[in-house]
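Visitor: I have a new structure to look at, and I want to know what stands behind each label. Could you take me through it?

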Amino acid sequence: MQTGIKIRLFKAGFCTHPGFIVLPGSGIKPKKFPAGIALIEHPKAGYVLFDTGYHPDFHKSTRSFPERFYAMVTPCHLDHGENIAEQLQTLDIHHSAIKHLLLSHFHADHIAGLVDFPDATIHCHQAGLDYINTANRINRVRKGYLKNLVPEKANQQFSFFDSFTIDIANILDLKEQIGLYAQDWFHDQSLYVVNLPGHAAGHIGLLIRLENSFVFLLADACWLKDSLAKHIDQHWIANILSDDHHAYKDTLQKLRRCYELCDDSVKFVPSHCEETIANLMAKGWMS
Ligand SMILES: [Zn+2]
C-alpha cells in the first residue's frame, strides 16, 4: 500500500547502566543505552518527531538534589551538536518545520529536547502529563521524571490521544487478536498510535505503515529487541521504575505474541536497543 511515509532514526545521547539490569547474567560492566528518536515525513502532515532524546537542559535540571540522584543513577552522555534540533539542522530541517511532536511518555530521556520545539503541537497521552504535574517531587525523581524539562510555554502546545479502539492484529493482518489497541492518527492508515501501558504513565508507541513493511516504535515497552525475540526479562531493579508492573508484563507478553506472529516485514524498535537503532540508522530514510 502506498502511504508516502518516510522515516529516519536518530540517537540523541545515551545513558549507561550495569549490563545485568536489562540482561540478567551480563555482569556489572556499564552498557550503553542510546536515546532513540524517529523523524517521520508524512505527505500531508509534514514532519512528525517521535520523542526528543537528551538535551543539555538535562544537566541543568539535575544540578540540585533530589533531581541530582537521577543523573547519578543514570549518567547521561551527550556530545556537542548531538541534540536532536542540532542534528535536524544539519539536514536543513529547521526546528520550526516540526509541526507534530509525539511523546511516548514523560521520562527525562524522552522529553529533554522539548524546549527546542516551541512551534510544534505536542501529542501525548494525558495520563503522562497529569502524572508529571501532580506527583510530588520525590516520587517524580524516583520514577524518572524531571518536571523542569517541560517548559512553562509548552502547556499551550499539548494535544491528547484518547481513543484506542483498533486491535493491532487488524492493522498487521495477523491471524489472532493481540489485545493491544491503536488509534489511526491522521485517519489515513499510515500512522497508528498504540496504547502500551505499564512502563510509565500514559506510555504509547507508534506503528508506522511503509509501502511494503511496518516500523513499530515501542518506546520503552521493552529495552532490547531480545526481550521480544528471546523472552529475556529485565532485572527486578528496573521494574521499580515501572508505573504499573502488572500492566508492563501484560503489554510485554502481548508484544511477544505479536512478534511471533509477524514476519520480517515488521521492524520492532525499542527506543534504547543499541543494535536495533544502529542498524536502522544505517539505512538512512526508509519508505
Ligand atoms: Zn522510560
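Guide: What follows is a set of labels, each set against its definition.

Guide: This is a predicted model, where local features need pLDDT of at least 70, side-chain atom pairs count only at pLDDT 80 or more, and totals for chains, interfaces and linings use all residues. Residues are numbered from 1 along each chain as its sequence is written.

Visitor: What makes a helix or a strand here, and how many are in the protein?

Guide: Both are DSSP runs numbered from the N terminus: helices are H or I with at least four residues, strands are E with at least two. The protein has 11 helices and 13 strands.

Visitor: Why is the protein called as compact as a globular protein of its length?

Guide: The radius of gyration, taken over C-alpha atoms, is set against the globule rule, 2.2 Å times the number of residues to the power 0.38. For 287 residues the rule gives 19 Å, and the protein has 18 Å, which is close, so the label holds. The C-alpha trace spans about 50 × 45 × 35 Å along its principal axes.

Visitor: What makes glutamine 189 partly exposed?

Guide: Glutamine 189 has 13 other C-beta atoms within 10 Å, so it falls in the partly exposed class. Its place is the loop between strand 9 (181-184) and strand 10.

Visitor: What share of the protein is buried?

Guide: Buried residues are 44% of the 287 residues.

Visitor: How do you know which strands pair in the sheet of 7 strands?

Guide: Two strands pair if DSSP finds at least two bridges between them. The open sheet has the order 4-1-2-3-5-6-7, with mixed pairing. Strand 4 (76-77) and strand 7 have a single partner strand each, so they stand at the edges. Strand 6 and strand 7 run parallel and are joined by 4 bridges. Within that pair, cysteine 124 stands opposite phenylalanine 160.

Visitor: What makes one face of helix 5 the buried one?

Guide: The buried residues of helix 5 (residues 126-134) are Gly128, Leu129, Tyr131 and Ile132. The arc is that of the directions from the helix axis to the C-beta atoms. Here the buried residues fall within 160°, so they line one face. On the other side, Asn133 and Thr134 are exposed. The buried residues pack against strand 6 (121-125), helix 6 (137-142) and strand 7 (158-161).

Visitor: Which residues of helix 11 are buried, and why are they said to line one face?

Guide: Thr276, Ile277 and Leu280 are the buried residues of helix 11 (residues 274-281). They fall within an arc of 95°, so they line one face of the helix. They pack against strand 1 (6-18), strand 2 (30-42) and strand 13.

Visitor: Which strands form the edges of the sheet of 6 strands?

Guide: This open sheet has the order 8-9-10-11-12-13, with mixed pairing. Strand 8 (166-167) and strand 13 (266-270) are its edges, each pairing on one side only. Strand 8 and strand 9 run antiparallel, joined by 2 bridges. Strand 9 and strand 10 are antiparallel over 3 bridges. Strand 10 (residues 191-195) and strand 11 (residues 204-209) are antiparallel over 5 bridges. Valine 194 has glycine 205 in strand 11 as its bridge partner.

Visitor: What makes a nonpolar core, and which members touch the most others?

Guide: A nonpolar core is a set of buried Ala, Val, Leu, Ile, Met, Phe, Trp, Tyr and Cys residues joined through C-beta atoms within 7 Å. The largest one has 78 residues, and Ile40, Phe50, Val194, Leu206, Leu217 and Leu218 touch the most other members.

Visitor: What is leucine 218 in contact with?

Guide: Contact needs C-beta atoms, placed from the backbone, within 7 Å. Leaving aside neighbours within four places in sequence, leucine 218 is in contact with Leu196, Gly205, Leu255, Phe268, Val269 and Pro270.

Notes
A residue is buried if 20 or more other C-beta atoms lie within 10 Å of its own, exposed if 12 or fewer, and partly exposed in between; C-beta atoms are placed from the backbone. Two residues are in contact if their C-beta atoms, placed from the backbone, lie within 7 Å.
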